[in-house]
Amino acid sequence: MKVHDLVIVGAGLAGMRAALAALEAHPHLDVAILSKVHPVRSHSVAAQGGINAALGEHDSWEAHAFDTAKGGQYLGDQDAIEAMCRDAPGDVLDLERLGVIFSRDEQGRIAQRPFGGAGAVRTCYAADRTGHAILHAMYEQLLKRQVFVYEEWYVTSLLVEEGRCRGVVAWDLVHGGLRAIGGKAVILATGGSGRVFLTSTNAVINTGDGMALAYRAGVPLEDMEFVQFHPTTLKGTGILITEGARGEGGYLLNTLGERFMNAYAPEQMELAPRSTVSLAIGREILEGRGMDGCVLLDLRHLGRAKIQERLPQIRQLAIEFAGVDPVESPIPVQPGAHYQMGGVPTTSWGETDLPGLYAAGECACVSVHGANRLGGNSLLETIVFGRRAGLRAAESLLGLAPRAISDQTLRAEAHRIDALMDRKGPERAWEIRDDLGRVMSRNLGIFRTKESMTEALEQVRALQGRAAHVSLQDRGRVFNTDLIHALELRSLLDVAETIVAGALAREESRGAHYRSDFPARNDRAWLKHSLARRTDHGPALSHRPVTITRFPPT
Ligand SMILES: Cc1cc2nc3c(=O)[nH]c(=O)nc-3n(C[C@H](O)[C@H](O)[C@H](O)COP(=O)(O)OP(=O)(O)OC[C@H]3O[C@@H](n4cnc5c(N)ncnc54)[C@H](O)[C@@H]3O)c2cc1C
């Protein structure tokens, strides 16, 4: 079996930043990254609007921390929030030094734009392709350091022996075949799980694999009920229309032509936190002031030149996928699943409950976003906590001798995949996946009730039953995407079950979790994190206190 010092699962921003950090500090380490797609196809590449850092003279990391804690409705752990906001300026300037081409202001400094829930102009950007700019610069650094990349390898299981994570088992998509890959430490950087929902801004690869890998290895998942619905996704497709469009001055209209945010958040208007704007749009649509399940995002007053300079991709997407040129007409938009605030619980150095296992980026729950993430804080999270996890994991393995690992997990996984390949059942993975998306979008969207979620739980369990009868149409070993979809389905179902269980239990409304039957926030009973631990009968829930340092909940 191949054994590396450090194995990183995921080649998005968190994974690549972790690899670089480990190698910057300890150049002799053998670091490997696995990714189920080519690294620059990771979802980080799709990030549009920007990354937050208090760089300006009129801003401070304390103000950034306050906005983050408040925007997350005080469910974020404030020690972690402080670490992120304090590190942000240095980490963003490091990105510039690594070669990221940020947009510039008149003085030639990194340009910043206003974003939702922020008390200062704080979001650094590269037009509306910020993720693309950062991910490509990071990949060049990875090539320069000759990090070994297992490209198009799908991790199916963690290797856990004697209470420690010692590597992974992965399927080689290109050639077919399963292999155990040892690591003295493993970092999960597998991104989000937005594809649990049908209408989602997420790439089709965002199936929550890392969360499910940890969950099945006995690590609990934290705050899974908090799924962010982005207010503005393109009608019918779920394609993201960045908050940067509102940051640049775009506004929202209902079918009466009213700027309805005036009734919901008269001070912040369109730049209120996302949960507030999504709820407002949901209400307008429910009360009949929407059109085809959408409201309108109007950019026309910005003028052609500004739209072309600051939001070129948005214009292109609207023309190609909705037949609307934002220079001439408002864009029809609707809320869609966007970001998982919960995930694998970690310390602010990426450590999980399982020795040898670290997590960073969207799959982790540090937790900095609490009940609602502010736009621009997620790219930041990948950079800051990717770096921290990389450093800490690297330090932890110095001096550890390589150790033989049994082939028990490898054999069990091989048996599971062989059985799937041989099975003759009536079910198809894609059908169950679509049904799951529909159930979750219908019953666990912006508005939730006990009835809707109870129904969802029953349906998710029924879908788990059907998933046991999935058979493949492609039984070949080489580039078998049918097999990968079937493996991903298990992750989606596991993650969905924890979302529903957490949401059903939490009898209050906070941030992205809005219950029509419990519309108020209840700090007395619910200012606490949820933890879902896997059992044979579904997730068992427990709780953990929130760390509060300088910002008492108001
Ligand atoms: C359309 C869109 C726009 C966004 N815009 C912004 C923005 O402007 N600002 C902001 O702050 N945030 C934004 N976000 C959120 C942010 O981009 C993501 O949260 C962040 O990029 C996630 O990075 P990551 O490194 O954690 O994961 P990802 O970039 O998603 O990478 C995950 C990696 O894990 C690998 N992987 C997953 N499962 C497996 C497996 N089983 N085996 C092997 N490899 C696996 C994948 O191949 C991939 O390499 C946006 C999100 C979306 C969807």
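Hi everyone, let's start with Asp-223, which is buried, with a relative accessible area of 1%. Before I go on, please keep in mind that what you see is a predicted model. Asp-223 sits in the loop that joins strand S10 (221-222) to strand S11 (227-234). Its backbone deserves a look too: phi of Asp-223 is near 50°, a positive value, and the residue is not a glycine. For context, most residues other than glycine have a negative phi, and most peptide bonds are trans.

Ala-127 also has a positive phi, of about 45°, without being a glycine. You can find Ala-127 in the loop between strand S5 (123-124) and helix H4. Is Ala-127 buried or exposed? It counts as buried, because its relative accessibility is 16% and the cut-off for buried is under 20%.

While we are on the backbone, have a look at the peptide bond from Val-366 to Ser-367: this one is cis, with omega near 0°. Ser-367 belongs to the loop between strand S17 (364-365) and H11.

How many residues surround the ligand? There are 38, and the closest are Ser-42, His-43, Ser-44, Glu-362 and Ser-378. Sorted by class, this shell holds 15 nonpolar, 19 polar and four charged residues. H11 contributes the most to the shell, with four residues.

Now for some contacts. A polar side-chain atom of Ser-378 is 2.6 Å from an oxygen atom of the ligand. The backbone takes part as well: a polar backbone atom of Ala-11 lies 2.8 Å from a ligand oxygen, and a backbone N or O atom of Val-155 is 2.9 Å from a ligand nitrogen. On its own the ligand would expose 1000 Å², and the protein buries 98% of that. The elements that each give two or more residues to the shell are helix H1 (13-25), strand S2 (31-35), strand S7 (153-161), strand S14 (331-340) and helix H11 (377-397).

Let's turn to salt bridges. The whole structure has 48 of them. In one, the side chains of Glu-488 and Lys-36 meet at 2.8 Å, N to O. This pair connects distant parts of the chain, 452 residues apart: Glu-488 is in helix H15 (residues 481-505), and Lys-36 is in the loop between S2 and strand S3 (51-52). Both ends are covered, with Glu-488 buried at 4% relative accessible area and Lys-36 buried at 19%.

Another salt bridge pairs Arg-466 with Asp-435, at 3.0 Å, N to O. Arg-466 lies in helix H14 (residues 450-467) and Asp-435 in helix H13 (residues 429-443), so the pair ties together parts that are 31 residues apart in sequence. Arg-466 is partly exposed, at 25%, and Asp-435 is partly exposed, at 23%. There is also a network, in which salt bridges that share partners join Glu-225, Arg-506, Glu-508, Arg-510, Arg-521 and Asp-523.

One more stop inside: Gln-141, in helix H4 (residues 130-144). Gln-141 counts as buried, at 11% relative accessibility, and its side chain reaches the backbone oxygen of Leu-98 at 3.3 Å.

Finally, the surface. Which residues form a nonpolar patch there? They are Val-174, Val-478 and Phe-479, with about 240 Å² of accessible area together. Val-174 is in the loop between strand S8 (164-172) and strand S9 (178-188), and it is partly exposed, at 32% relative accessible area.

Conventions:
Residues numbered from 1 in each chain as written. Predicted model: local features only at pLDDT ≥ 70, side-chain atom pairs only at ≥ 80, totals over all residues. Heavy atoms only, no water. Patch = residues over 30% accessible without salt bridge, like charges linked within 9 Å, V, L, I, M, F, W, Y side chains within 5 Å. Areas by Shrake-Rupley, 256 points an atom, 1.4 Å probe, with all protein chains shown as cover. Salt bridge = Lys/Arg side-chain N within 4 Å of Asp/Glu carboxyl O. Buried < 20%, exposed > 50% of the residue type's maximum accessible area, 1.4 Å probe, protein only. Near = heavy atom within 4 Å. Polar contact = N/O pair within 3.5 Å; in protein donor to acceptor, adjacent residues only side chain to side chain. Nonpolar A, V, L, I, M, F, W, Y, C, P; charged D, E, K, R; others polar.
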